[in-house]
Amino acid sequence: MKDLLIIKKEIREHEDTFQKIFCHSFDFSNVFIKNEDNDIPLMYDHHQFITKNNTIQINDIKKAIEYQKQHNYSFIKIDSRFPLNDDLVTTFKLEKSTTLTMVNFSNNNHFKTNPNVIIKDIQFDPIEDDILNIYLKNYQEDYGETFIKQFVSTFCKKAQKDSRLHYLGAYLNNEICGYCYYFDDGNYKVIDGLTVNQESRHQYIASSLISYIIKTSNSIIYLHADDDDTPKIMYEKMGFKPIDVLYEYSCTKI
């Protein structure tokens, strides 16, 4: 097994490669890298400012906010590997969340799954309409129909063109009940967007999706979990261990 520090570094590079499927990046300033996504203009995670160091000052964030306003964005998101100063968070009314990177070093697959779950992949199966419908069912109230249609359409098209990106649907009794996507470059693979319908939970849908992904290759598998959310506990039971942390700051009305 590789040294933990090497794995952490390589996973960060893998995350950057994954983002570049959707975003182009540029040096915004001496403290920020900026991501942009022309296909999904409303997605915070594809238009964020990424900190280069821990020297962020008030004027740095003011310039970032001004850039967003000039480009007709009403939000700002900052991703950082270290916590921002509390004064900055208060001054700009930023909401803070903490995301853990969790790794399954052994590709452990010894957890319960549902044998009746059928997994379909957008690369091979015409499931875009099903994914759109389940996404609308779970998130339309939060994100709106326009954003969801942009998001699903873009992800499905890119997955159909890029063999490293997979969009999966989990089916039970011929009905889609869960989904996620993963990106696998042969060395690492990351799972993201894992969602299960409320009425289908506690039927091992999520674990069936994760089990399926683990079996697809020998790449080291990792995912992201909100430090304050219950899925983290489920992932720990499946053998995932936290190795890195990302601090995320956002304001939806600048």
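**Close-ups of a predicted chain**

Y204 is partly exposed, with a relative accessible area of 40%.

**View 1. Y204 sits in a loop with a positive phi.** Look for Y204 in the loop between β9 and α6 (205-216). Its phi is positive, about 65°, although Y204 is not a glycine.

**View 2. N173 is another loop residue with a positive phi.** This time the loop is the one between β7 and β8. Phi of N173 is near 55°, a positive value in a residue other than glycine. Is N173 buried or exposed? N173 counts as exposed, since its relative accessibility is 68% and the exposed label needs over 50%.

**View 3. Helix α1 has a buried side.** Here is the helix made of residues 4-19, 16 residues in total. From its first C-alpha to its last, α1 reaches 23 Å, close to the 22 Å expected at 1.5 Å a residue. The buried residues of α1 are I7, I11, H14, E15 and F18. Why do they end up on the same side of α1? Because they cover an arc of only 100° around the axis.

View 4. Now slide along to the N-terminal end of α1, which is capped by D3. A side-chain oxygen of D3 lies 2.9 Å from the backbone nitrogen of L5.

View 5. You'll find E248 in strand β11. E248 counts as buried because its relative accessible area is 13%, and buried means under 20%. Which side chains does the side chain of E248 make polar contacts with? One is K77, at 2.7 Å. Another is T99, joined to E248 by a polar contact of 2.4 Å. Leaving aside neighbours within four places in sequence, E248 is in contact with D45, K77, I78, D79, E95, K96, S97 and T99.

**View 6. D87 is an exposed residue in a helix.** D87 has its place in helix α3 (residues 86-91). With a relative accessible area of 56%, D87 is exposed. Now pick out S163, which is 76 residues from D87 along the chain. How far are their C-alpha atoms separated? The answer is 44 Å.

**View 7. Zoom out to see the whole chain.** The secondary structure comes to seven helices and 11 strands. The C-alpha trace spans about 55 × 45 × 30 Å along its principal axes. A compact globule of 254 residues would have a radius of gyration near 18 Å, and the chain's 19 Å agrees with that. Buried residues make up 48% of the chain. Take the contacts between residues at least 6 apart in sequence: 70% of them join residues at least 24 apart. Finally, the chain exposes about 13300 Å², with carbon and sulfur atoms supplying 46% of it.

Technical notes
Residues are numbered from 1 along each chain as its sequence is written. This is a predicted model: local features need pLDDT of at least 70, side-chain atom pairs count only at pLDDT 80 or more; totals for chains, interfaces and linings use all residues. Side-chain values use heavy atoms; hydrogens and water are left out. Helices (H or I, at least four residues) and strands (E, at least two) are DSSP runs, numbered from the N terminus. The expected span of a helix is 1.5 Å times one less than its number of residues. Buried means under 20% relative accessible area, exposed over 50%, partly exposed in between (1.4 Å probe, protein chains only). The arc is that of the directions from the helix axis to the C-beta atoms. A polar contact is a pair of N or O atoms within 3.5 Å; within protein, one must be able to donate a hydrogen and the other to accept it, and residues adjacent in sequence count only if both atoms are side-chain atoms. The radius of gyration is taken over C-alpha atoms; the globule rule is 2.2 Å times the number of residues to the power 0.38. Contact means heavy atoms within 4.5 Å. Accessible areas come from the Shrake-Rupley method with a 1.4 Å probe; for residues, only the protein chains shown count as cover.
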